[in-house]
Amino acid sequence: METPAIPVPEARSVVPASLRGLLPVLLALPVLALFQWLMSDAPFASYLLSVVGVNIILAVSLNIVNGMTGQFSIGHAGFMAVGAYISGVLSLNLKDIALSFLPVAVSDQVFFVLSLLVGGLAAALCGFLVGLPSLRLRGDYLAIVTLGFGEIIRVVVQNTDAFGRALGLSGIPQTSSPAMVYFFVFLTVLVARRITGSSHGRSLWAIREDEVAAEAMGVDTTGYKVRAFVISSFFAGIAGALFAHFVPIINPGSFTFVKSMEIVVMVVLGGLGSTTGAIVAATFLTLLPEGLRSLFTVLGAEGSLAQKVDQIRMPVYGLLLVVLMLARPQGLFGTKEIWDVLPRWIPRKRRGLA
Amino acid sequence: MAQLLQHLINGLAAGTIYALVALGYTMVYGVLKLINFAHGDVMMVGVYMGYATAFALGRDMRSSLVGVAVVFAVAMLGCALLGFFIERFAYRPLREKPRLTALITAIGISFALSYGFQLDIGFLPGAAPRAFPEVIAPVEWLVIGDRDVVVWNWQVISFGIAVALMVGLQYLVFRTRFGQAMRAVSWDHRVAALMGIPTDRVIALTFMLSSALAAGAGLLYAIKDTSVSPLMGLYVGLKAFVAAVIGGIGHVQGAVVGGLVLGLVEEFVVGYAASTWRDAVAFGFLILVLLVKPGGLFGRVTAEKV
């Protein structure tokens, strides 16, 4: 494996250090507002964009565990489900309450963010409970346990009346918007990039490269692994919660092993350890089936081929993993970021997102 | 009391099947230190091979003794071949790469098989479960009281086949030259190679053996469930893996005990608690075992040496 490119923080800057962490958020807000305004009368486009955004959050957060820490979780959809269901139930119960001192729309958004956070925290708690026993052991146990966890979630949901059993939950207020989704995309990417550059991130990289050596150097391997896993589950929960607030219905079928595999393929294709790789792969793999479907529909393939796109997608993902591992195990970008790979037409100074 | 006995019998019948599949995981893990994720799906392919063979044989032929033997032989040989190809073309090129690479490949193969078989293109069977032909016509073998306890003939037969396969495996691993070579490779494949053991061949044969065992177990499972579906490999495989971990992965007797324990636990949960929770039991049990005794019942957690 090549040594990961760890960005060195630059000392000189015009922005005071106290504000530097907040600056990207402040800069992003007006852009998102503009974006929201442009999207307001295109329901399908904004739906598709939201799905892309949710998948980016999932891929980037899974990359923290699978890429940076070198563990292998294949139950990300389970954490997504926890976030979706917990926040969905919360929103359903808070639907009729409004904060009287705020306009209705703003009050809705307050409750929305609240339920997002609760969903994320619930997923993080599950991540802790699942990660603690399996991360004490060698990495491959995590794969099985996370897979099993996804199944447990499915069975629990199917047996609980509050979660609508197999029918799912409907009527969750549709308070999400592309702007909100991309705000959290932004936050996830920011956190992921911040982790990469921090000492925490360096410990994760050390665990990824050689766990025994990392432990010998005094890295608390279990502690770092569990923390990475909890952070990753938190964002998976947020993604699930966002998802629950823009689709008409959530049911156990949306969070199966297939969904987990989709995210794994995104991360592996983008390059284990590359945040921008995960973003590119998530965007590409989400839009590709849509594109193919509309292409086949336009070509007039009588719907049969267009319907088969979804069916064929999954075995193709499996084969893609095998072929990638045999031919290009580092994925698109390896552990590098997109600006390390693209030709240098952007001046070197502007390197680094976070 | 009668109910308890009935559950014990059902649990044992299911447990032996899990044990057979778990043996495959354990053997491959022993020689390669790889969790062969695709094991359950190889099993599923074997069941479809048996299914096709049973239909090709026709109604009269397939329930005769010869017919059953042919069904098992075709499925097991076919699976051994499939196992050989998977090992040769997917795992062998990655043997010296980081462990994660092989694990991802295994997951990829598993996914490609289980969802590839759900397509309805060409010879592929499509997603809907199909009724598995009654290669062993169900007959009550033993009835106690007023149908308090019923033992079916297929339970006895599958128990017999499973035990025979296990005894054969035990003999093979601990009493033959090949078994000795296998254990040597499992101990340290580099040193084994230096001692003149053809490690590539031993690993390939281990794969073929474990795949053949999986096919046999899969057929027994399909006879028990009277159905076959593309996703059965994923579920049975996962539970068998749980069984292997409970027994201590890499440990032959452990896999058998783990399989039986899991079969019984599942049966008792279904019988005395709620049947809809059945699929969650195995994994809850797994997490519990990992918390309390991470090496499994028989295994030890060994420190990794550099």
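## Starting at one residue

B:Ala69 lies in helix 4 of chain B, the helix that covers residues 65–91. The structure you are looking at is a predicted model. Is B:Ala69 buried or exposed? With 10 other C-beta atoms within 10 Å, B:Ala69 is exposed, because a residue counts as exposed when 12 or fewer such atoms lie that close.

## Chain B as a whole

Now step back and look at the chain around that residue. Chain B is built with 12 helices and four strands. Along the principal axes, the C-alpha atoms of chain B fill a box of roughly 65 × 45 × 35 Å. How does the radius of gyration of chain B agree with that of a compact globule? For 306 residues, a compact globule would have a value near 19 Å, and chain B has 19 Å, so the two agree.

Buried residues account for 52% of the 306 residues in chain B. Its contacts also tell you how the chain folds back on itself. Take the contacts in chain B between residues at least 6 apart in sequence: 74% of these join residues at least 24 apart.

## Two loop residues in chain B

B:Lys33 has a phi near 55°, which is a positive value in a residue other than glycine. B:Lys33 sits in the loop between helix 1 (2–32) and helix 2 (39–57) of chain B. Since it has 15 other C-beta atoms within 10 Å, B:Lys33 is partly exposed.

B:Thr226 also has a positive phi in a residue other than glycine, with a value near 50°. Look for B:Thr226 in the loop between helix 9 and strand 4 (227–228) of chain B. B:Thr226 counts as partly exposed because it has 14 C-beta neighbours inside 10 Å.

## Chain A and a pair of helices

Turn next to the other chain. Chain A has 14 helices and two strands. Of its 354 residues, 49% are buried. Among contacts in chain A between residues at least 6 apart in sequence, 82% join residues at least 24 apart.

At what angle do helix 4 and helix 5 of chain A pack? Helix 4 (residues 76–94) and helix 5 (residues 104–135) of chain A pack at about 145°, and their axes are 8 Å apart. The crossing of these two helices is right-handed. Helix 4 of chain A brings residues including A:Phe79, A:Val82, A:Ile86 and A:Leu90 to this contact, while helix 5 of chain A brings residues including A:Phe111, A:Leu116, A:Val118 and A:Cys126. The residues of the contact divide into 12 nonpolar, seven polar and no charged.

## A helix end in chain A

A:Gln158 belongs to helix 6 of chain A, which spans residues 140–158. A:Gln158 is partly exposed, because 19 other C-beta atoms lie within 10 Å; a buried residue needs 20 or more. Not counting residues up to four places away in sequence, A:Gln158 touches A:Arg165, A:Ala166, A:Pro252 and, in the other chain, B:Thr276. A:Leu27 is 131 residues away from A:Gln158 along the chain, and their C-alpha atoms are separated by 43 Å.

## Where the chains touch

How many residues of chain B are in contact with chain A? There are 34 residues of chain B in contact with 37 residues of chain A. The elements of chain B that give two or more residues to this side are helix 5 (99–116), helix 10 (232–247) and helix 12 (278–292). Helix 5 of chain B gives the most, with 12 residues. The side of chain B that touches chain A divides into 25 nonpolar, six polar and three charged residues.

## The nonpolar core

The largest nonpolar core has 212 residues, and A:Ala59 and B:Val242 touch the most other members. Which helix gives the largest share of this core? Helix 9 (residues 199–225) of chain B does, with 16 residues.

To see the surroundings of A:Ala59, leave aside its neighbours within four places in sequence. A:Ala59 is then in contact with A:Ile263, A:Met266, A:Val267, A:Gly270, A:Ala278, A:Ala281 and A:Ala282.

Methods: Residues are numbered from 1 along each chain as its sequence is written. Chains are lettered from A and ligands numbered from 1 in the order in which they are written. This is a predicted model: local features need pLDDT of at least 70, side-chain atom pairs count only at pLDDT 80 or more; totals for chains, interfaces and linings use all residues. Two residues are in contact if their C-beta atoms, placed from the backbone, lie within 7 Å. Ala, Val, Leu, Ile, Met, Phe, Trp, Tyr, Cys and Pro count as nonpolar, Asp, Glu, Lys and Arg as charged, and the others, Gly among them, as polar. The radius of gyration is taken over C-alpha atoms; the globule rule is 2.2 Å times the number of residues to the power 0.38. A nonpolar core is a set of buried Ala, Val, Leu, Ile, Met, Phe, Trp, Tyr and Cys residues joined through C-beta atoms within 7 Å. Axes are lines fitted to C-alpha atoms, for helices over the stretch in contact, and angles run from 0 to 180 degrees between N-to-C directions. A crossing is left-handed if the near helix is turned anticlockwise from the far one by less than a right angle, and right-handed if clockwise.
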